[in-house]
Protein chains: 4
Amino acid sequence: MLSVLAALSLAAEAQVMTHRLVVPDIEGYLTLKGDMHTHTVFSDGNVWPTTRVDEAILDGLDFFVITDHLDGRHQKLANKGLFNCDRDESYRLAAAYAKSRNMIVIHGGEITRGMPPGHFNVSFVESDTRIGEEEDKYEDHFQGMVAGLKEARNQGAFTVWNHPHWSRQAPNGPVWYDEHTKILDMGLMDGLEIFNQFDGFSKEVFHWAMEKNLTIVSGTDAHKLMELWIDYGNGELRPCTLVFAKEKSEAGIREALDNHRTAVLAQHNVYGREEFLKPLLDAILQVKSVKNTDKKLTMVLHNCSCVPVILHKAEGFEDLGYTRDIVIGADSDYTIDVTNAEYGTKFTRKSITFGYEVRNFFTDADVNLKYTFTAALK
Amino acid sequence: MLSVLAALSLAAEAQVMTHRLVVPDIEGYLTLKGDMHTHTVFSDGNVWPTTRVDEAILDGLDFFVITDHLDGRHQKLANKGLFNCDRDESYRLAAAYAKSRNMIVIHGGEITRGMPPGHFNVSFVESDTRIGEEEDKYEDHFQGMVAGLKEARNQGAFTVWNHPHWSRQAPNGPVWYDEHTKILDMGLMDGLEIFNQFDGFSKEVFHWAMEKNLTIVSGTDAHKLMELWIDYGNGELRPCTLVFAKEKSEAGIREALDNHRTAVLAQHNVYGREEFLKPLLDAILQVKSVKNTDKKLTMVLHNCSCVPVILHKAEGFEDLGYTRDIVIGADSDYTIDVTNAEYGTKFTRKSITFGYEVRNFFTDADVNLKYTFTAALK
Amino acid sequence: MLSVLAALSLAAEAQVMTHRLVVPDIEGYLTLKGDMHTHTVFSDGNVWPTTRVDEAILDGLDFFVITDHLDGRHQKLANKGLFNCDRDESYRLAAAYAKSRNMIVIHGGEITRGMPPGHFNVSFVESDTRIGEEEDKYEDHFQGMVAGLKEARNQGAFTVWNHPHWSRQAPNGPVWYDEHTKILDMGLMDGLEIFNQFDGFSKEVFHWAMEKNLTIVSGTDAHKLMELWIDYGNGELRPCTLVFAKEKSEAGIREALDNHRTAVLAQHNVYGREEFLKPLLDAILQVKSVKNTDKKLTMVLHNCSCVPVILHKAEGFEDLGYTRDIVIGADSDYTIDVTNAEYGTKFTRKSITFGYEVRNFFTDADVNLKYTFTAALK
Amino acid sequence: MLSVLAALSLAAEAQVMTHRLVVPDIEGYLTLKGDMHTHTVFSDGNVWPTTRVDEAILDGLDFFVITDHLDGRHQKLANKGLFNCDRDESYRLAAAYAKSRNMIVIHGGEITRGMPPGHFNVSFVESDTRIGEEEDKYEDHFQGMVAGLKEARNQGAFTVWNHPHWSRQAPNGPVWYDEHTKILDMGLMDGLEIFNQFDGFSKEVFHWAMEKNLTIVSGTDAHKLMELWIDYGNGELRPCTLVFAKEKSEAGIREALDNHRTAVLAQHNVYGREEFLKPLLDAILQVKSVKNTDKKLTMVLHNCSCVPVILHKAEGFEDLGYTRDIVIGADSDYTIDVTNAEYGTKFTRKSITFGYEVRNFFTDADVNLKYTFTAALK
């Protein structure tokens with residue numbers, strides 16, 4: 001039912017500020033949320049650069065990279081010569097708009113070639129125009145890519161091989177070509193995009209990153225309006241790169257990327273190195289209360305994030321009885337019943353240690369995070 | 001999209017704790033939210049008493065009154081003699097369940113008669129059974145009502161005339177009969193139910209309460225499951241009585257009721273005395289920031305409650321330019337543009353006072369709250 | 001990610017198609033929903049024209065008008081000379097994108113002057129450029145406006161005085177100046193914008209429209225992303241102009257506008273002429289079932305629209321008992337109890353006629369629609 | 001509020017009818033959705049039986065079984081002797097209420113013993129009282145269970161071993177004891193509960209069912225209010241048993257259960273035999289359109305259910321290029337790009353066959369459904 005106040009003049013400036021992504025900081029680092037891959041009307045997207053800022057605010061991101069295609073072919077096609085500008089204008093417009101809005105926009109671009117070597121993103125650049133001009137000098141895919149990446153590196157860029165698993169370029173799964181080895185050996189590949197909203201997650205690419213010690217990132221690769229790209233109405237969240245940074249700034253993000261301090265949050269799964277996923281889970285899960293009576297011990301866990309946590313009792317804890325499979329929903333509590341080996345006797349120890357496999361946290365392809373935590377008893 | 005984690009054993013104890021009603025405390029008092037009128041299977045409702053507790057928690061209430069019909073006719077019909085108990089069992093079951101759940105359940109009952117005088121609720125009672133037995137002695141509506149109310153008064157009850165505007169008993173609007181004057185004169189009518197989820201709000205009843213200095217209350221009069229009674233899916237909130245109390249306790253609620261310190265929140269409108277609605281609005285609206293530049297002055301207001309605030313520029317403020325009609329949504333910000341009489345000149349005073357009529361806050365039938373507030377300029 | 005050859009190949013297209021606005025056709029006409037007032041980056045808005053198309057689809061509109069400011073001052077300012085184009089480009093981009101998407105985009109523009117005479121929208125134009133050039137010839141507000149409107153009229157435009165109640169131009173309420181009389185007398189004012197998302201509804205402007213027999217319209221006047229402008233998260237709907245058309249086409253919309261066959265739906269209220277509001281309510285409310293027993297008569301009404309219907313029992317129906325105040329929520333059922341004068345006797349007539357005032361349907365300033373309907377009894 | 005004579009007259013009945021679970025019928029059968037395991041205040045639950053009916057309607061179920069514990073211990077404890085009734089009253093109350101509401105309530109009960117053999121549900125019974133009395137004769141768990149099951153079988157019951165993986169009775173995973181072999185050999189075990197909202201899914205139990213050719217079912221085992229048990233606010237759906245029936249009736253449900261024509265839908269996964277999961281997916285996924293141009297072929301798939309469909313390209317389709325991993329959201333469209341081996345050439349065949357593994361449809365423990373479908377080209 002609604003207000004019976006009908007005969008009124010009403011004006012409504014609805015200032016929607018729903019921050020959908022919520023992930024806590026971890027011990028020693030801030031947890032910054034970002035999108036490493038976005039497009040605008042200045043290449044082949046169809047939203048204005050400032051709209052990418054609005055969307056990032058609505059999603060609760062801390063930063064994002066504008067990565068319009070920087071080659072001459074895309075630039076010439078971009079809205080049919082409508083614009084009087086160089087290849088850096090989309091970044092400038094977004095950054096100017098973001099300034100007063102507490103959003104970090106990072107200057108980037110996409111080098112777009114056939115496979116091999118495919119597409120690469122460069123970020124923290126000075127001039128897309130100069131990178132594009134270098135790339136444009138070569139018709140050959142590999143030569144053009146290397147030329148572009150070298151100019152980007154000269155500008156101090158961070159470089160990522162995008163969506164190696166894109167079905168158009170890898171119809172039967174991602175392939176690591178010799179060209180990729182060469183680019184890696186030249187020091188021109190810093191990271192891998194293990195999740196992309198077009199093709200989802202690739203466990204092969206995730207495994208490559210772990211094996212070769214590369215930084216993992218995620219990008220929406222959004223060309224259209226985010227509301228048409230993420231199914232918010234059905235509860236979908238925008239995928240994001242989690243960056244564990246020493247400070248909230250461009251420099252802080254860059255330092256973390258350079259040191260592989262990232263994780264990827266996508267479709268309710270988290271991918272990353274054990275050394276970050278453990279403290280992340282420590283921050284996400286909180287023991288809210290413990291009740292130890294003669295009859296039983298119950299413990300309430302709280303999940304303070306937007307990520308559900310799916311736990312399965314690990315082997316090696318057979319002497320302790322507790323629910324084998326639980327899901328602690330986003331921003332929810334869960335009550336765990338615990339029993340002694342001698343069912344029904346009271347716990348007299350000072351603390352209990354629980355062991356779980358985390359079914360939606362991965363430290364490598366198909367490898368679940370092992371997680372133990374200890375709750376004190378009074 | 002959803003997790004690709006498919007092959008898993010998942011268990012989910014969903015502990016939903018959505019507190020839908022949010023209203024801040026006011027200067028000097030706690031703002032407690034309650035429902036003064038509910039039924040269970042122990043009269044003619046069809047939910048178990050503990051379900052009323054669960055619903056109240058989900059709605060964010062601080063208290064509610066169980067007001068099952070206490071007369072013999074209803075008690076005999078109640079589920080066809082299924083129960084072995086007296087007329088106070090619904091209260092006992094709900095109160096026992098509520099104890100560990102931070103919910104206050106108040107012992108009450110409904111005295112149910114034809115019009116005049118209609119139905120009355122009694123709360124803070126000791127024994128519905130004894131009140132019902134007194135009432136049952138008289139077939140005459142007025143005599144039965146007076147007998148019941150007197151016994152309730154002996155027990156120290158607070159008494160309310162329910163839904164004087166119920167269409168069944170008042171098909172063409174509420175009527176104040178001689179019988180009501182008599183009951184009032186006997187000191188047996190403490191309050192009026194100005195909103196009831198069956199028949200909504202009555203401005204006539206609200207006016208009687210203001211005129212005769214009675215306490216105003218609201219009740220859902222829920223017989224069925226609350227989810228079938230309040231249209232949560234379309235954003236409807238449970239109507240409630242706001243009680244401005246010195247402490248969160250049964251005694252605190254009672255002291256506030258006795259001293260008319262209540263308001264009614266229903267269908268996004270608030271009804272009450274000016275002395276409480278003003279501080280309530282002071283607590284609901286917060287000046288978040290003021291920006292005073294050469295070009296213009298903008299002020300961001302925040303509404304920290306679940307109640308939208310609908311403002312219309314009052315007369316007497318013609319020398320100041322600001323939006324005439326605004327709606328500050330629940331839990332939302334609103335940016336107001338303010339201009340000097342000399343459009344475009346900078347404000348040099350130390351503060352600005354704004355005058356509004358509040359279109360959804362009422363201090364009497366069809367009388368909007370007048371509201372001024374002052375924002376400091378730096 | 002996209003190569004040049006495949007710039008439109010999308011793999012994962014989340015096709016969110018939530019049609020939020022739902023209003024049925026009425027007897028004899030289609031009910032088309034539209035927004036008569038929108039801006040883009042091509043004047044002082046900050047979204048790309050195709051985004052306005054996406055938003056309109058998500059909102060369930062049938063059409064909208066692009067009304068970028070067409071004067072030289074705004075055009076020069078528009079993104080600081082970034083664009084190589086005339087003043088009609090925003091329309092062209094939106095229309096081309098809309099073509100395959102079942103959305104009608106109408107070519108319009110805004111003539112933007114100080115008060116008097118303020119701002120006017122022109123729609124169904126051929127060339128904003130030519131209108132802007134005519135307007136630009138005059139520094140005087142009135143002369144510039146008339147020059148622009150005359151050129152628009154030459155192109156066959158439909159003309160509307162926008163937001164006469166804009167607080168910036170009418171800080172203490174809307175004023176009808178001599179200049180408006182002159183424009184009206186010259187035949188250059190076809191309609192009035194009675195609702196605008198900045199300043200809400202004005203009952204004064206609505207009354208002028210009824211008095212002077214002008215077409216009423218509504219516009220969001222959106223400059224920013226619609227998601228920042230309409231509070232969807234709190235259930236707000238985009239305000240719209242309802243056009244009762246003979247066919248779904250530009251011509252159909254125009255013919256209806258020319259013949260005043262519109263209503264305005266904004267903030268759950270409907271404003272319009274009785275001759276359209278009555279059949280609209282006939283279409284919105286459906287008698288789903290009638291149950292006539294010895295004890296009572298109950299009737300279930302269904303509301304098949306997104307507009308709640310707020311009814312108050314009218315005078316003159318005192319011999320029939322039925323709930324005095326009801327709200328039939330959007331897309332909801334409501335069960336009405338009806339009783340005879342002799343309470344409890346069975347209805348033996350062939351039909352019953354109910355009389356209501358519709359509290360959220362207005363046929364003039366503060367005038368509620370009178371509504372009667374008849375339900376057949378078996 | 002209600003007088004005795006009009007105990008069912010409701011004025012404002014908010015009729016919320018959100019049917020959350022949507023699953024289409026399959027070739028040859030109706031798809032009925034049900035909950036095989038629920039409790040009420042008549043054993044150790046805390047909702048009234050009619051509330052279970054209201055919840056089932058809100059969830060979109062077609063049927064559910066009331067399975068209160070039927071032994072003397074639970075019955076004596078049930079609300080401390082408050083009730084004057086036998087052990088079948090909860091069923092009677094729910095069934096009477098459901099009659100006019102298009103909901104099928106099935107008479108059942110739970111036989112509750114230590115492990116082995118644990119808990120069994122019986123449904124389609126005549127008298128819980130008689131079954132309970134038989135069970136009560138034996139203190140020994142196995143003997144008591146067999147006695148109860150035999151009496152249930154005499155009444156024509158359908159019997160299910162509940163939650164073999166309940167962490168309290170199987171702290172380190174489910175164990176099939178000799179006792180279960182005996183019960184199976186006696187013909188007293190018809191089905192297995194492979195999903196239970198307490199302990200989630202067990203792949204071991206699912207495998208037993210497939211191996212031993214038992215009927216698979218799911219139950220919420222709800223004791224508390226469903227809104228506290230299912231996290232609706234976060235998009236969780238009530239788990240259910242899908243019954244592929246020849247008619248919507250108690251007899252139809254029973255015939256399907258007896259012939260193993262069930263599947264389990266829980267936490268966005270579907271478990272069942274290939275012979276039902278294939279037609280189920282055929283009914284869920286619809287080819288909405290196919291566009292075959294010189295450049296590319298695109299196909300729009302629609303998912304008409306509440307179950308997301310998660311597809312992974314199967315091996316053996318390397319000559320055809322199409323997205324390897326897709327998620328077709330509940331009630332959503334998805335556009336698939338398809339390319340020839342010779343990238344960019346037009347398809348000239350009459351049809352295309354796609355091969356997928358369905359990542360959230362399982363035909364045995366960790367075994368994904370293989371699914372191919374063919375789309376005609378014009």
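Me: In this predicted model, what makes L192(D) the bridge partner of W161(D), and where does L192(D) lie?

Reply: L192(D) lies in β6(D), where W161(D) has its bridge partner. The strands concerned are β5 (residues 158-161) of chain D and β6(D), which are joined by two bridges in the parallel sense; since two strands count as paired with at least two bridges between them, β5(D) and β6(D) are a pair.

Me: How do you know which way the chain crosses from β5(D) to β6(D)?

Reply: The path leads through helix α6 (residues 178-185) of chain D, and this β-α-β crossover is right-handed. That word applies if, with the strands pointing away from the viewer, the path from the first strand over the helix to the second runs clockwise.

Me: Why is strand β6 (residues 191-196) of chain D called largely enclosed?

Reply: A residue is buried if its relative accessible area is under 20%, and six of the six residues of β6(D) are buried, so the strand is largely enclosed by the rest of the structure.

Me: What makes β7 (residues 200-201) of chain D a partner of β6(D)?

Reply: Two bridges in the antiparallel sense link β6(D) and β7(D), and at least two are required for a pair. N196(D) stands opposite G200(D), and the two strands form a hairpin with three residues between them.

Me: How do you know that helix α3 (residues 89-98) of chain C is mostly covered?

Reply: Seven of its 10 residues are buried, among them Y91(C), L93(C) and Y97(C), and for each buried residue the relative accessible area is under 20%.

Note on methods: Residues numbered from 1 in each chain as written. Chains lettered and ligands numbered in written order. Predicted model: local features only at pLDDT ≥ 70, side-chain atom pairs only at ≥ 80, totals over all residues. Heavy atoms only, no water. Buried < 20%, exposed > 50% of the residue type's maximum accessible area, 1.4 Å probe, protein only. Helix = DSSP H or I, 4+ residues; strand = E, 2+ residues; numbered from the N terminus.
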